[in-house]
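Biologist: I have a structure open and would like to learn how to read its features. Could we take them one at a time?

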Amino acid sequence: MAEAVVGGAFLSAFLNVIFERLSSSQFLNLIQGKKLDQELLERLKISLHAIQVVLNDAEHKEINEPAVKNWLDDLRDAVYVADDLLDRLSTKAATQKEVSNFLSIYLNLRDREMENKIKDITRQLEYFLKYKDILGLKEIARENFSWRTPSTSLLEGSNLYGRTQDKGAIIQLLLDDNSEGNISVIPIVGMGGVGKTTLAQSIYNDENLMKKFDLKAWICVSVEFDIVKVTKTAIEAITSSGCNKNDLNLLQLDLKTKLTGKKFFIVLDDIWNGDYNGWNSLKKPFQYGIKGSKILVTTRSRKVASIVQTCPPYHLDELSDTDCWSVFADHACFPRSNGDPTLEKIGRDIVKKCKGLPLAVQTLGGLLRAKRDIKDWNAVLTSEIWELSANDSKIIPALRISYYHLPPHLKRCFVYCSLFPKDYKFDKDELILLWMAEDLLEQPKQGKTLEEVGSECFDDLASRLIFKQFETDDVQYFVMHDLMHDLAISLGGDFYFRSEKLGKEKYLRVLSFCHFWELDVLPALIGELIQLRYLDLSKTGIKSLPESLVNLYNLQTLKLYRCEKLTMLPSGMQNLVNFRHLDIRGTALEEMPQGMSQLKQLQYLSFFVVDKHEENGMKELGELSNLHGSLSIRKLENVTNSREAREARIMDKSYIENLLLEWSSGADKVPTSTHIEREIFDKLQPHKDLKVLTVKSNCCMLPSLGQLPSLKSLEIVSVDFYKNDNDNCSLETPFPSLEFGKMSCWKVWHLLDCDTFPQLKQLKVYDCPNLMGDLPSHLPSLQTLEIYRCMQLVASLPRAPAICELHIHESNKVRLQEMPISLQSLSLVGDELVGSMFESGDVKLHGASPPYLPPKVHN
């Protein structure tokens, strides 16, 4: 049974977390001077270390030995109890003012309950340690074994369903001799079981293609990247005879001699190791082949592909259900058409659950070979692939090995994904926060943040094709293949659970009420969940938060997105010393709680509301130097002088990429002079790598844009736009997106140079009713132009040879001199506008007549 695989390496990662707890300064302070406790915890640590070294062997043996599986299941439970106990103890220690006296007081009050629990766990672990010898568990290296049979160059059957186009594309790459250097390395990248090796075998056995090469060799590299072994195999494949050398120098000289002056084709199948130095060493002899020599690599890792490639990798996608049906029919010995209609329907449903993986289809088809009983076919349809014996399935080893060779901390991150339903759209940042809450990540090193460690873990899993990336409407998300998700579930077992009820789960670390709109009160007992690290109240009816919330010492993430009735946060938020993420988008907060500057670990803050009083003013924001991502600063009208603006230290917030500066438009704003406004803007100058800047202001003064070379988008929204002496606004910087809106007093766009915006791709101007001057005359990169409700704008549209979209609404005096041939979408709103452009004949259509305009023309 596949669920047995869960134990070893998963526990190994968990033990690392416990070791970190036992070694923490807080914990060491806790037990200082307590001889008995020190000895007890030392026994606990020794037992855990001794068990950890045999987990590799246990993970390998548990597949076929039920006793080992049971040992790991019981061990897992004990380790979980130990982790929760130590986490709770560490939290209690950290929240006590008198740490050194805490343990004795706490143990006396609880009748030494804590000590007895530690003793019980230690005795349990010492029992597991003795029992491992009975099971014959030993310390072994992870690389010493694999479940997968090495591949060969021989094809299994003559049919290659659904890969004709893929094969043709790769052959074209193999025939291309225009690459730099003598050899080209072409990686085929795809998840386990998708057919990379089969495709490579078909290419290797293509007689017409092989006539282009002098010699060829097939080398199965697999998990163990042994340069000596691979080089030796290459020599044996080329010569078709054995090689007795074991010295790398002699082997490489021999291989060099055999390849020199030859045009060769080499397949390196199933490379796992992303060792750049190892690859550079391996490829030395291959560089002596003549131009046109090719190396075809198959791998399930984008990282490996990036190391070996000399051209972009070829990504092999899943097969269609139609092609998978052909594979299934072949292996089930069932006619592809005109077979039993009932069996065919069941068979096609079986194929669908394989989600395009031909190896899975082959496995299930083979189980039904020559079987024609409907009961047998339904049994396969309703069973899980992971319930099959490994001896009956090739897909189980193919996918299991993807998990097995993950580093221990990635195993935990992968299995955690079993909590989510199939086809779940993972948000990278959200998943990282959950991993953090569950202590699944390694501790940061070399100045990295925990979020950066999580990002590297996610990217590593995505590189191994465990996640597949999608993008719709500029929203990026990731999906896990169904069979990988099934693997995660089979591995997870009862490690994690979802609950629809909040009982007395005092060890909870993640709690979400997201989308519970009817929830309007959060009970005060929430403050008793002292191990809680992640709390999501998004899209609820919460009106206020209990003060007990600030007792959650371990809380890292609080999500209040679209809590539209929430007007204030608890007053003691500064007590949350481990707090890192506060999402308050869509709330009605009008002020920040006092003491925000003490949240030194805060990494994300949706917005900061500047108060009139200094204790909640810009200085509080200035202390938050670790903020990342996006930040909005609201009610900037409460900043009355440049000193206050400087205290925000905007320039020092080098991790902020998207900044919104907002002045309220209400009647209660404090009037300030243009000179003071300019000084305030100067002190709000962001760092030079800022990517997006939005200003919602009562004046047009801006930080110097010339000092923002990385700026990609600028949006200016103004209610009472101040006029300067020249009655104009001047902007010069090479960003690709620019928006102006609600600027009632803007009359002239002053341009110093006709080529001011060489990189501008998107320009939007809206609700500027008094703007009369010219637009930039030449925008060579412009792709989208939008003009809305600019009734006085008398201007010709700019020369824009790359423009694809043009939208002009209720801006009747704008003139379009000719229809750009690159235009794909045109939207015009306003009878006078349409009439002036088309009925007058002003528009040149480059040989077309009005019926042939792009389809999105409205009036």
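Biologist: How many disulfides does the count come to?

Modeller: A disulfide is a covalent bond between the sulfur atoms of two cysteines. The rule used here asks for a pair of cysteine sulfur atoms within 2.5 Å, and the count comes to 0 disulfides. Bear in mind that this is a predicted model, in which local features need pLDDT of at least 70 and side-chain atom pairs count only at pLDDT 80 or more, while totals for chains, interfaces and linings use all residues. Residues are numbered from 1 along each chain as its sequence is written, and side-chain values use heavy atoms, with hydrogens and water left out.

Biologist: How are aromatic pairs read, and how many does the count come to?

Modeller: A pair of aromatic rings is described by the distance of the centres and the angle of the planes. Rings of Phe, Tyr and Trp (its six-membered ring) pair if their centres lie within 6.5 Å; planes under 30 degrees apart are stacked, over 60 edge-to-face, and the rest tilted. By this rule there are 26 aromatic pairs. One of them is Phe328 with Trp377, edge-to-face at 5.6 Å centre to centre and 80° between the planes. This pair links distant parts of the chain, 49 residues apart: Phe328 is in helix H15 (residues 321-332) and Trp377 in helix H18 (residues 374-382). Helices (H or I, at least four residues) and strands (E, at least two) are DSSP runs, numbered from the N terminus. Phe328 has a relative accessible area of 0% and is buried; the value for Trp377 is 0%, and Trp377 is buried too.

Biologist: Which residues form one aromatic cluster?

Modeller: The cluster consists of Tyr416, Phe420, Tyr424, Phe426, Trp435, Phe458, Phe467 and Phe478.

Biologist: In what order do the strands of the open sheet lie?

Modeller: Two strands pair if DSSP finds at least two bridges between them. Here 5 strands form an open sheet with parallel pairing, in the order E2-E3-E4-E1-E5. Strands E2 (215-222) and E5 (314-315) stand at the edges with a single partner strand each, so one side of each has no neighbour in the sheet. Within the sheet, E3 (residues 264-271) and E4 (residues 293-299) pair in the parallel sense over 4 bridges. Phe265 has Lys294 in E4 as its bridge partner.

Biologist: Is Ile170 buried or exposed?

Modeller: Ile170 is buried, with a relative accessible area of 0%, and is found in helix H8 (residues 164-175). Contact means heavy atoms within 4.5 Å. Not counting residues up to four places away in sequence, Ile170 touches Ile188, Leu199, Ile203, Leu296 and Tyr314.

Biologist: What does Glu430 contact?

Modeller: Glu430 lies in helix H21 (residues 428-437) and is buried, at 18% relative accessible area. Leaving aside neighbours within four places in sequence, Glu430 is in contact with Tyr534 and Lys559.

Note on methods: Buried means under 20% relative accessible area, exposed over 50%, partly exposed in between (1.4 Å probe, protein chains only).
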